[in-house]
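Here is a friendly note to read with the model open beside you. Take the points one at a time and find each residue as you go.

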Amino acid sequence: MDINLFKLCSGLKVLGYFMILLVAAIIAVSYYAVVVITCGPQLLRGGVHSFFGFSIIILFHILLVMLVWSYVMVVFWDPGSVPENWRSVSVSSSSSSGVNLEAGTSSQSLDNVGPDARGPSRSVGFCDRCQNGKPPRCHHCSVCQRCVLKMDHHCVWVVNCVGARNYKFYQVLGQSQRNHSSSPANLAIVFLAFVINLAFALSLLCFIVMHSSLVSSNTTSIEKNMLQVYEKKRTVRWKYDLGRKKNFEQVFGTNKALWFFPLFSKEDSDSIPALHGLDFPTC
């Protein structure tokens, strides 16, 4: 009997639902430790203690709203699906000045790496499993069992892929806290919240550094790994690298007021094709 290992990958979604409950539990413990145990009692002391306690509570709630808002958007927002029977309006010619890992300059198409490998291909590929067209920078996710536009990776913490249409939301996550207590039980809760949040803060810091590098070069995690292999053989420029400013705008948009909020302006949605994940300007 043939067993499709990639079908088994979809079982990771079940683990993801537990991860969502774990995140909710961590937020609840952190809220209790910061607001109820640490800062709440300071409001009753009056004077400078009440002022600092109130300030920390306000700041905590602002960060909490941003955290929950961004997290919900990453979980429920579609990262970008290929329209049924999609075909490119026009097949772009290979760039002679930049790296084209999707066709032409490489003997292996980046968009067809892995189980979808088809050897040398056009700039617009075809997914054997989805039986559909495959836009540039699109990859098939074995967990979601579908192609995702400008796929970066599948995140088990959000039970969703991170792709063209929710990558910005993924970038805006964060949290903070403080420590004070009286009883041993409360001290244990605060200490637990501190350790958990410290571990998450350090891991998120690593993600921030890594994804800042990806945004500045206009690459995804998948593309970065392939480029590192390819650049050992030949030093050339990535064809989607438009310069740091333009690369940043390809993810966050041009409206500075909305850069650190998990949403886009209508003007950016209409004027930046990369936000939709089907077309990308090249250098």
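The numbered points below go through the core, the cavities, the cysteines and a few residues in loops.

1. **Ground rules.** This is a predicted model, in which local features need pLDDT of at least 70, side-chain atom pairs count only at pLDDT 80 or more, and totals for chains, interfaces and linings use all residues. Residues are numbered from 1 along each chain as its sequence is written, and side-chain values use heavy atoms, with hydrogens and water left out.

2. **The core.** A nonpolar core is a set of buried Ala, Val, Leu, Ile, Met, Phe, Trp, Tyr and Cys residues joined through side-chain atoms within 4.5 Å. Buried means under 20% relative accessible area, exposed over 50%, and partly exposed in between (1.4 Å probe, protein chains only). The largest such core has 24 residues, and Val158 and Tyr167 touch the most other members. Two or more residues come from each of helix 2 (12–39), helix 3 (47–76), helix 4, helix 5 (184–217) and helix 7. Helix 3 gives the most, with eight residues. Helices (H or I, at least four residues) and strands (E, at least two) are DSSP runs, numbered from the N terminus.

3. On a 1 Å grid over the protein atoms alone, a cavity is a set of points where a 1.4 Å probe fits but cannot get out, and its lining residues have an atom within 4 Å of a point. Grid points are joined across faces, edges and corners, and a volume is the space filled by probe spheres set on the points. Helix 4 (167–171) and helix 7 (244–252) each give two or more residues to the lining of the largest cavity. That lining includes Lys150, Tyr167, Gln250 and Phe264. By class, it has six nonpolar, two polar and two charged residues. Here Ala, Val, Leu, Ile, Met, Phe, Trp, Tyr, Cys and Pro count as nonpolar, Asp, Glu, Lys and Arg as charged, and the others, Gly among them, as polar.

4. **The second largest cavity.** This cavity holds about 30 Å³ of space. Among its lining residues are Lys150, Asp152, Tyr167 and Thr219. The lining divides into three nonpolar, three polar and two charged residues.

5. **Cysteines.** How many disulfides does the structure hold? It holds zero, where a disulfide is a pair of cysteine sulfur atoms within 2.5 Å. For cysteine 141, the nearest cysteine sulfur, that of cysteine 161, is 3.3 Å away. Cysteine 141 counts as buried, at 2% relative accessibility. For cysteine 147, the nearest cysteine sulfur belongs to cysteine 127, 3.5 Å away. Cysteine 147 is buried too, with a relative accessible area of 5%.

6. **Positive phi.** Most residues other than glycine have a negative phi. Glutamine 131 has a phi near 55° and lies in the loop between strand 2 (125–127) and strand 3 (132–134). Arginine 137 has a positive phi of about 70° and sits in the loop between strand 3 and strand 4 (139–141). Which of them is buried, and which exposed? Glutamine 131 is exposed, with a relative accessible area of 52%, whereas arginine 137 is buried at 0%.

7. **Proline 262.** Look in the loop between helix 7 and helix 8 (266–271) for proline 262. Proline 262 is buried, with a relative accessible area of 1%.

Definitions and conventions. 1 Å grid on protein atoms, 1.4 Å probe; cavity = no way out; pocket = protein on both sides within 12 Å on 5 of 7 lines; lining within 4 Å.
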